[in-house]
Amino acid sequence: MYRVLLVDDDPLALSGVKGLIDWEKNNCIILGTATNGNAALALMRKTQTDVVICDITMPGITGLDVLKQAYTEFPGTVFIMLTNQDDFTFARESLHYRVAEYLVKNELEAAVLEKALERAITEYETRNKLHRIDETDTLLAARIRQDLIQTAIEHFLRGPALLPNEMALLMEEGMLSNFAFAFIPINYAILPEYPYLPEDGFKKIFTWEMEIAKHLAGSFFSHVLLLPCPPRNIYHDLLLFAWNLQPHTWDSDITRFKEQLVKTSGQITRLGVDLIASDFFESEEAEKSPGQALFSIEDQYYRKKKGMYSEAVQKALQYVLNHIEERIMLQDVADFANISPGYLSTLFKREFNQSLMDFINQTKIDTACELLRKNTLRINEIAHTLGYENAFYFSRLFRQYTGLKPSEYRAKVMNEN
């Protein structure tokens, strides 16, 4: 039903128009009536109005004044103007404001009003369809621009070198003015349920962590962008990029942000979150390669992390990752680490917070997911590639770790793409 507002300073004229036709039959309802221009605009500001039937000449604020104001405030609202024979000058002026129809009061009949309403409704649909298209185009353009900015920032921090148009885009956004970034590695293995989490579980937890980081970052930095990085084994990293910073507050602000992030993450997601900040870059340093600084930070972090494990556990990790496409036996790993299988299992569980066999299986399933996404190998071929002689056992193990059969996972990935 289209909402119609009747406006006339003559109450008898209002009653006459109101009772002239069956409004519901014409797919309309009377939203209200107004006897002056101020009241009409007040009603339009309070409720959505689709069509206004308005006397063109009224004391004070005229119908023409209402039309002019609505043209700016409510461009989707369509007007039918009621005129007298001698209102030609007003009618001519109102042509600039896309009036749908002019009706002479003393010649107004039901059929004439119904025909005018039909035209007004057609105009309303056309006008608002164009408005929706404009809004969609605006949103799409904004989304495309945001994607271009994100890609440019990723190139800026990761390499390759920025293209000229990417450099121009970031400079236009002011993103190469007094900037810095932080590397935020996230460790899922600290979660007690980690070995049994399906892929959707990881995505949900990571989404929560992203929201936490975005919310906190917004309270510390006025211009900030958070980017997810590709997964790295049991880590899933975030990059924080901030610009238009005050040179002397970056160190203190990022320190306080880290403290709050670690505390909040521990309470909500229970993830192991860390943060390593870059130096502050002056505007003129934008041509340098922050990517080198980022690489250094990441390398430093993972070297440090690797050094936290005993030599035997490091060797076990190395063996598993180097032989992921083979059948891996506990005895083979223990022999490589030069300790007994039982002691290796105990040591690995204590240091890595996950059993060795779970790590082997999880790493194989992660690799299987990558192969399934590529959609080039059959499921039995993937099972054989990863050292499983029995495709049925592989499928059962895959479902245990992901909650889906390999075929279901592949179908889901294809549907998402």
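Residues are numbered from 1 along each chain as its sequence is written, and side-chain values use heavy atoms, with hydrogens and water left out. As the model is predicted, local features need pLDDT of at least 70 and side-chain atom pairs count only at pLDDT 80 or more, whereas totals for chains, interfaces and linings use all residues.

Trainee: What span does helix 10 reach from its first C-alpha to its last?

Mentor: Helices (H or I, at least four residues) and strands (E, at least two) are DSSP runs, numbered from the N terminus. Helix 10 covers residues 311-322, which are 12 residues. The expected span is 1.5 Å times one less than the number of residues. For helix 10 the expected value is 16 Å, and the span reached is close to it, at 16 Å.

Trainee: Which residues of helix 10 are buried, and what arc do they cover?

Mentor: Buried means under 20% relative accessible area, exposed over 50%, and partly exposed in between (1.4 Å probe, protein chains only). The buried residues are A312, V313, A316, L317, Y319 and V320. They lie on the same side of helix 10 because their arc, taken from the directions from the helix axis to the C-beta atoms, is only 165 degrees.

Trainee: Which helices do the buried residues of helix 10 pack against?

Mentor: The face turned away from the buried side carries the exposed residues E311 and N322. Contact means heavy atoms within 4.5 Å. The buried residues pack against helix 11 (330-337), helix 12 (341-352) and helix 13 (356-374).

Trainee: Where is S278, and which residues does S278 contact?

Mentor: S278 lies in the loop between strand 11 (276-277) and helix 9 (290-306). Its relative accessible area is 5%, so S278 is buried. Leaving aside neighbours within four places in sequence, its contacts are A180, F181, W250 and I297.

Trainee: How many disulfides does the count come to?

Mentor: A disulfide is a pair of cysteine sulfur atoms within 2.5 Å. By this rule, the count is 0.
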